[in-house]
Amino acid sequence: MTLTRQDCLALDARDPLANVRERFILPDDITYLDGNSLGALPKSVGPRLRQAVEQEWARGLIRSWNEAGWYRAPQRVGAKIAKLIGAADDEVIVMDSTSVDLLKVLTAALRMRPGRTKILGVSGDFPTDSYIASGVAEFANVGFVRATPETLIDEIDDDVAIVVLTHVNYRSGFVHDMRALNAAAHAKGALIAWDLSHSAGVMPVGIAAGADFAVGCGYKYLNGGPGAPAYSFAAKQHQAAIEHPLTGWLGHADPFAFAPNYEPAQGMDKLLTGTPPILSLLALDAALDAFDGVDMAQAYAKVQSLTYLFIALADERLMRHGFTLASPRDKTRRGAQVSLAHEEGYAIMQTLIARGLIGDFRAPNIVRFGFAPLYTRHVEVYEAAALIDGVMATRAWDTDDFKARKAGT
Ligand SMILES: *Cc1c(COP(=O)(O)O)cnc(C)c1O
């Protein structure tokens, strides 16, 4: 049975999240399937930043740290993210970048498992996570070992201090079974840390089901804007034991005592290091209002519907052009993206972007499409597939311009 544009309009008409798109500014002439790299702009952000700059900064000046609530913004925004991932309000704090947050979490975990000699990751995870894990391992004089997805559970042994995994793989969209892996790590006395960069905001993460630590990115599905700060989660029962080396003044028990020696704050506050980027933090704060009233189970149901539709259309119209599916067919193992492999992927994506369909390319051969549930419509998925079909049929990608590599992809 062939899927029609009409079918897709009917799916949009039944979509309980259809009106959430109105909370975003999206250009009319663009189909945006790249919310997994940089989320779209929520309408609430511009006015909030204007207020922050023109009122709180310009007029309030330094008083705004207290009077405009800047000082507690890392905790306040953390509590908003906590709701999306199923954590308690005081288990999440916003600060720094995902990379830096991961460094703090991994060093804390190593301290909590003295005598253990390994950090265990998995091959194919997002590079920064592996780079940070190997940097921490070298510094702490332990090993960083990468399992394959198939050998992962078997490689968790008594020497592993912490397992570090990306919940949803950035390249394929594969979703790990978080609950099962938490249990497998704990069975060997290891801790486990999750990178939620590609899962928070698109599915019910269920972080309370035994995860010890987590980190995640603010500018993808959370729509915090370019360079938005990241967040860290630590389960309540671990917070007292956390020690990390980035002991800056804002993580001190009493920063404004200006005491000569460091003494950690309570709870998640001790993970803070230096002064947060307040404007970016307030942008993220406002952006998270786009999730008001959005149930994560409903968001994930929509993700599954959008990705299923794209795969069905790809089977119908795209595979004959030499694409292969690089994402799981099983909807319970798939995040909010669908990746297709094609040896001319780079030039194909450049062509699509030139024609208003924005996805992205991941070397060596993956074209990746993200289906952010808050603002993507089924009819856009239909139009995207039709456009790709046309570009392939006419070989529009086959020019020197589209094949020439740019710096940022
Ligand atoms: C995007 C992403 C990051 C980003 O790291 P930053 O340090 O915030 O730039 C980290 N991990 C994963 C899995 C990502 O997808």
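Biologist: How much space lies in the largest cavity?

Modeller: In this predicted model, the largest cavity holds about 50 Å³ of space, and a search of the whole structure finds one cavity of 30 Å³ or more.

Biologist: Which elements supply the lining of the largest cavity, and what is its make-up by class?

Modeller: At least two lining residues come from each of β5 (118–122), α6 (127–140), β6 (143–147) and β7 (160–166), with α6 giving the most, three residues. Among the residues that line the cavity are Val122, Asp125, Asp129, Phe144, Arg146 and Leu165, and by class the lining has five nonpolar, two polar and three charged residues.

Biologist: Turning to helices, how should I read the direction in which residues point?

Modeller: The general idea is that an α-helix has 3.6 residues a turn, so residues three or four places apart point the same way. In α12, the buried residues include His378, Val381, Tyr382, Ala385, Ile388, Asp389 and Met392, and what covers the buried residues of this helix includes α1 (5–13), β2 (31–32), α10 (296–318), α11 (345–354), β13 (357–358) and β15 (366–370).

Biologist: What span should helix α12 have, and how far apart are its end C-alpha atoms?

Modeller: Helix α12 (residues 378–393) has 16 residues, which at 1.5 Å a residue should span 22 Å, and this agrees with the 23 Å between its end C-alpha atoms. After α12 comes Arg395, whose phi is positive, near 55 degrees.

Biologist: How is a pair of aromatic rings described, and how many aromatic pairs does the structure hold?

Modeller: A pair of aromatic rings is described by the distance of the centres and the angle of the planes. The structure holds ten aromatic pairs. In the pair of Phe256 and Phe258, the ring centres are 5.7 Å apart and the planes stand at 90 degrees, so the pair is edge-to-face.

Methods: Residues numbered from 1 in each chain as written. Predicted model: local features only at pLDDT ≥ 70, side-chain atom pairs only at ≥ 80, totals over all residues. Heavy atoms only, no water. 1 Å grid on protein atoms, 1.4 Å probe; cavity = no way out; pocket = protein on both sides within 12 Å on 5 of 7 lines; lining within 4 Å. Points joined across faces, edges and corners; volume = space filled by probe spheres on them. Helix = DSSP H or I, 4+ residues; strand = E, 2+ residues; numbered from the N terminus. Nonpolar A, V, L, I, M, F, W, Y, C, P; charged D, E, K, R; others polar. Expected span 1.5 Å × (residues − 1). Buried < 20%, exposed > 50% of the residue type's maximum accessible area, 1.4 Å probe, protein only. Contact = heavy atoms within 4.5 Å. Phe/Tyr/Trp six-rings, centres within 6.5 Å; stacked < 30°, edge-to-face > 60°.
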